[in-house]
Amino acid sequence: MLANALSFLAGDCLMQALPEVPAPAWGSVLIVVLALAVARRWHLVIRAVAGFAWAWSSAVAGLAHDLPAALEGEDLQVVGEIASLPEVTATGRRFVLAVTSWPGREAMSLPRRMELTWYDAAVDLKPGEHWQVTVRLRRRHGYANPGGFDYEAHLFRQGIGATGYVRDDGDNRRLSGPSWSSAVLVLRGLVASRLADVLRDSPMLGVIQGLAVGERQQLPADQWQVFAATGTSHLMAISGLHIAMVAALTAMVGGALARLPGMQRRRFSASDGRAVGCMLGALAYAALAGFGVPAQRTLLMIAVYCGARLLRRELRASHGFALSLVGVLLIDPLAPLSIGAWLSFGAVGAILWLLTGRVRPAVSQGPVKSLDAFLKVQWAVTIGLLPLAILVFGNVSLVSPVVNLLAIPFFTWLVVPLVLLGSAAVFAWAPLGTALLSAANALLAAAWPVLA
């Protein structure tokens, strides 16, 4: 199964590596290759063709909604929903608008999503709100500097067909508040806002918002430099490690609830309770994180594992890895354009290579050997990701293995639980929530000079 998943990935990557999207006429060539592969029973080639075709169709669909060149620089009226947490900048507010209609225009070939800046905005924009605005747009573009961030690819992955700004116009107005379809986005914005109210003057506000809802606007450049230099930037993404920790805790709760007499009478076992609790916890935290690629990967792997437990099936770890890889590519065929996807799957692949497929376990079992297990996993991830880090970033942090030995358990088992519990409690009982968030803030403030 893993070979099939890697073949699907290879076909997807081949499509991404082309200098331009193939013309429709190349579809006949693809059909010939597929027919030959079916006739020869080249199963891996069939999977590769499927991956190529899926990425190709996604790219064609995305390009179909780019802004026409003739409309660049014109004042256009658009109606849409704020589809991101508005970012406060030095000059105004930046946000993503999901277009619902183009008054007076045929919307079939116009952008469905756009990134806008509202300079000197005198209005308070909230996620999920519906607005009518007058905008001036330009086509998606970015610089092609070697080694630099590929901003155009980033916009394309997000489905953004144009960038621009809101014009000062008397017709700009809020049409309605958020709808139920944007409930998760509204919740993320509400949590971020409440955290800002509680920790307004704290230099750790950006770190805590990043751990709670994946919102890193308040993280200053000097803090990013410290995370990068110490190889701990992954801690500021709601990663698979954090989601797995939450899933483990909710699995314990689910197992305890399943032991209640009423659940036992319904033949709901503790194993079932742990599987359901694990899945619900992972889903809730992944949604709060905004469903990034690392969150998708973790959620899919947990779903495969929990599904196997509920169905009483044995499942090889490599099969779970393969299914999650194919699942991510089906959800987001452009995921290979994201370095986060390669780092996330690369780290898990290194861990699975160390821990599975051996006659003798590579890591001893039992609580006494937990430190030994952790050290071996950390070593596997460090060595496994070293070539990728050098290829992508051009450098590697020499202190990263040592720092992560302390930083990972510190964040995962101390800071993140306090942040999540505090973020929930601040809505139910403000004093308790404030106390928990203050404790997380104090821990980070005490540890930061050491990290720096």
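## A walk through the helices and rings

The crossing of H8 and H10 is right-handed, a label used when the near helix is turned clockwise from the far one by less than a right angle, with anticlockwise giving left-handed. Before going further, note that this is a predicted model, in which local features need pLDDT of at least 70, side-chain atom pairs count only at pLDDT 80 or more, and totals for chains, interfaces and linings use all residues. Residues are numbered from 1 along each chain as its sequence is written, and side-chain values use heavy atoms, with hydrogens and water left out.

The names H and E come from DSSP runs numbered from the N terminus: helices are H or I runs of at least four residues, and strands are E runs of at least two.

### H8 against H10

H8 covers residues 240-258 and H10 covers residues 270-288; they pack at an angle of about 145°, with their axes 6 Å apart. Here, axes are lines fitted to C-alpha atoms, for helices over the stretch in contact, and angles run from 0 to 180 degrees between N-to-C directions. On the H8 side, the residues that meet H10 include His242, Ile243, Val246 and Ala247. Among their partners in H10 are Gly273, Gly277, Gly281 and Tyr285. Contact, by the way, means heavy atoms within 4.5 Å. Sorted by class, the residues of this contact are 10 nonpolar, seven polar and one charged. For that sorting, Ala, Val, Leu, Ile, Met, Phe, Trp, Tyr, Cys and Pro count as nonpolar, Asp, Glu, Lys and Arg as charged, and the others, Gly among them, as polar.

The expected span is 1.5 Å times one less than the number of residues. Just after H10 comes Gly290, with a positive phi of about 90°.

Is Ile238 buried or exposed? At 7% relative accessibility, Ile238 counts as buried; the cut-offs are under 20% relative accessible area for buried, over 50% for exposed, and partly exposed in between (1.4 Å probe, protein chains only). Leaving aside residues up to four places away in sequence, Ile238 touches Gly210, Leu211, Ala212, Val213, Gly214, Ile243, Tyr285 and Ala289. Ile238 and Tyr285 are 47 residues apart along the chain, yet their C-alpha atoms are separated by 8.5 Å.

### Two other helix stories

H11 (residues 293-310) and H13 (residues 339-355) have axes that come within 8 Å and cross at roughly 35°. Val293, Pro294, Arg297 and Met301 in H11 meet Gly340, Ala341, Ser344, Phe345 and Val348 in H13. That contact has six nonpolar, two polar and one charged residues.

H16 (residues 430-451) has 22 residues and reaches 31 Å from its first C-alpha to its last, close to the 32 Å expected. Its buried residues are Gly433, Leu436, Leu437, Ala440, Asn441, Leu444, Trp448 and Leu451. What do they pack against? The buried residues of H16 pack against H5 (183-198), H6 (205-213), H7 (221-229) and H15 (400-428). Trp448 is also part of a cluster, where ring pairs link it with Trp224 and Phe227.

### Rings in pairs

Rings of Phe, Tyr and Trp (its six-membered ring) pair if their centres lie within 6.5 Å; planes under 30 degrees apart count as stacked, over 60 as edge-to-face and the rest as tilted. The count comes to seven aromatic pairs. One of them is tilted: Tyr119 and Tyr165, at 6.0 Å centre to centre and 55° between the planes. Tyr119 lies in strand E4 (residues 113-119) and Tyr165 in strand E6 (residues 162-166), so the pair ties together parts that are 46 residues apart in sequence. Phe410 and Phe411 make an edge-to-face pair, 5.7 Å centre to centre with 80° between the planes.

| Residue | Relative accessibility | Class |
|---|---|---|
| Tyr119 | 41% | partly exposed |
| Tyr165 | 26% | partly exposed |
| Phe410 | 19% | buried |
| Phe411 | 5% | buried |

### Loops with a positive phi

Most residues other than glycine have a negative phi. Arg41 has a positive one, near 60°, and is found in the loop between H2 (26-40) and H3 (43-63). Arg41 counts as exposed, at 66% relative accessibility. Asp120 has a positive phi too, near 50°, and sits in the loop between E4 and E5 (130-139). At 70% relative accessibility, Asp120 is exposed.
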